[in-house]
Every structure is written in C-alpha cells, then in structure tokens.
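Subject: Structure handover

Hello,

Here is the structure I promised to pass on. Please open it first, then read the notes below.

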Amino acid sequence: MIKYNNSPLTILQVKTILLDRRKKWFDHVNFTWWEPTLFPDFLWLLKFTKKLWYKIYVWTNWTLLAWEEFCKDAMEYIDELSLSVHWYDQESCYKQIWHKNHFEIFKKAAKNINKYKKGNFFFNNVVINKHNFKDTLKIIKFLYESDYPMKQVLISNIAPEWIAENDFKDLVFDLYEFKEFIPAIVKYIEEKWIILRFFWLPTCILDEEYSEYANDAHWEERHTIERYTNEAWKITLIDIYSPDNSRKRCFVNKCSNCKWKNKPCTGVFSKYLENYNF
Ligand code: SF4
C-alpha cells in the first residue's frame, strides 16, 4: 500500500466510474479489497452510490463498524455486508490475523451492526487454510452465537492469489481430509436456516449429496476495476472482465468424463497439484 500513498484513487475517479457504469445498466456494486471503508469520504460515497440506485455490497474487515456513529450511518446505505471471520476466539484470531485487538473489535462491530441493521443482508466469508480448516464448524458456531446477524456463510478454499500465492505451500491442505468435515457443517447450517456455499472447491469434493452448495453454480460474470502499476511505473485503473471463475484452476485426467466439468466446476487449483494428488 505504501507505494500508492502518493497516488490515491480520487473521489472524482470513483464517481466517474459509477456514473459511467450506471449508464451502461450496471446495478450492483461491490466495494472491496484492502479495506474500502478507509477510503476518504466513504460514507459520502455510499450516499452518492445509493442515489444512483445501485445495490451496494461492502466487504470489510469491520474495524470502522466498531465506531457506533459510523456503523449507524453505513447501515442506512449498505444492502449487503460481508465480513471475513476465520477464527472462533481470541487465541485463534491472533493466530490467523496477528492482531491482538481484532477479536474485541469484532465483538463491538457485531453489536453495532445488530443494533443498527435495517433489512440489510449479512454474509460471512470463512477462508480456510491448513491452520483452521479443521475448525470450520467451530468458526460457524461462534458466528451464529455472536451478535453478528449472519444470513449466509461462504466457506472459501484458500486460493493461490495475492499474498497467499507466495505462502501457498504453508497454507494449502488436503481437500480429501476436509471432505470428512462437510457432513457435520451442512447439518449444523441446515438446522440454523442459514444459506451455505463452498467456494473454490471442486464439486467432486462435495459429492452428489452436497453439490447444490457449490458456489460455482451461482457465479455471475463481473467487471473489477483495480488500480494497477503499468510498465512505465504509472499507477492507472484497469477493468478486469471475469466471465467465469476458473481463475488459476485446471482440469485433471479424471475430469474428462465428469458431469460437472465446466458447469459448475472449473477444476482444481494448478498450484494445489504441486502439493497434493487429486
Ligand atoms: S471437473 Fe474434475 S475437479 Fe471438477 S468435479 Fe469433476 S472431476 Fe472434480
């Protein structure tokens, strides 16, 4: 982030993109990555976006939602809020995030969100890796019993992207080992009437019985506007079009006769195959 300090995205750039896309009939915007709430005038941006009749999704680490006034205002405009909780207590939180106050900040934010919710829809994304995949059910139970009014949980297999790409060997885990935990997770979630999706998981790991929970089946094409450093070291914006979610995944021999090939499954991460057989 330091290299971007002198070249922040301006409010004018964001407004221009929002206006342009609305004219092209886009109606759903997702403010995400590295912490969108830290964008200067974020509340003003939410109001502006809502005036254009967008449905607003925000994926946040919730730190600012622990501030009551901010949370109260933000809940007026956010239609869909997604948190990323990958732990279930102070100790497991520290092991995943390396931040000693994060657990207490979550509790404050969850309380504020519950207090000021206004028909918003609440997601949680549990990113599972070698260090927490056996605790997935504990994490979901913790969330369900917390103040956070979660309505949908996404269980995301760790992807070899961004900072996880370099450390992938230390984060990747045996998908067949995880498979053993799936029945208990599904049973608990079904009893609580929460929506469940598994993301970036080959459909055959879910088997016929749980294949309906594959997030791949619900993927919608999208455009992502990102800041990017070009070859001349100038920071610019690029528009990445993703017609499907096959990112960094590939098919293996056993995929050739598979009924799920391409729809909904786009295979297994190539980098996974460097670490485990599939
Ligand atoms: S396409 Fe391949 S990875 Fe996907 S479900 Fe079928 S066998 Fe598994």
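**Helix packing and other findings**

The axes of helix 6 (residues 136-145) and helix 10 (residues 182-192) come within 9 Å and cross at roughly 15°. Axes here are lines fitted to C-alpha atoms, for helices over the stretch in contact, and angles run from 0 to 180 degrees between N-to-C directions. Helices (H or I, at least four residues) and strands (E, at least two) are DSSP runs, numbered from the N terminus.

This is a predicted model: local features need pLDDT of at least 70, side-chain atom pairs count only at pLDDT 80 or more, and totals for chains, interfaces and linings use all residues. Residues are numbered from 1 along each chain as its sequence is written.

Back to the first pair. Helix 6 and helix 10 are therefore roughly parallel to each other. Angles under 35 degrees count as roughly parallel, over 145 as roughly antiparallel, 65 to 115 as roughly perpendicular and the rest as oblique. Their crossing is left-handed; that term applies if the near helix is turned anticlockwise from the far one by less than a right angle, and right-handed applies if clockwise. Helix 6 contributes T136, L137, I140, K141 and Y144 to the contact, and helix 10 contributes A184, I185, Y188, I189 and K192. Two residues are in contact if their C-beta atoms, placed from the backbone, lie within 7 Å. By class, the contact of helix 6 with helix 10 has 7 nonpolar, 1 polar and 2 charged residues. Ala, Val, Leu, Ile, Met, Phe, Trp, Tyr, Cys and Pro count as nonpolar, Asp, Glu, Lys and Arg as charged, and the others, Gly among them, as polar.

Next, helix 2 (residues 42-51) and helix 3 (residues 68-77). Their axes come within 9 Å and cross at roughly 15°. That makes helix 2 roughly parallel to helix 3. The crossing is left-handed. L43, L46, K47 and K50 of helix 2 meet D73, A74 and Y77 of helix 3. The classes are 4 nonpolar, no polar and 3 charged.

Helix 3 also packs with helix 5 (residues 102-116): the axes come within 9 Å and cross at roughly 45°. Helix 3 and helix 5 are therefore oblique to each other. Here the crossing is right-handed. The contact involves E68, C71, K72 and M75 of helix 3 and A109, N112, I113 and Y116 of helix 5.

**Backbone details**

Most residues other than glycine have a negative phi, and most peptide bonds are trans. W98 has a positive phi, near 60°. W98 sits in the loop between helix 4 (90-97) and helix 5. With 8 C-beta neighbours inside 10 Å, W98 counts as exposed. A residue is buried if 20 or more other C-beta atoms lie within 10 Å of its own, exposed if 12 or fewer, and partly exposed in between, with C-beta atoms placed from the backbone. D207 also has a positive phi, near 65°, and lies in helix 11 (residues 203-210). A cis peptide bond joins K263 and P264, with omega about 0°. P264 is in the loop between strand 9 (249-250) and strand 10 (268-269).

**The whole protein**

There are 11 helices and 10 strands. Of the 278 residues, 25% count as buried. The C-alpha trace spans about 50 × 45 × 35 Å along its principal axes.

Best wishes
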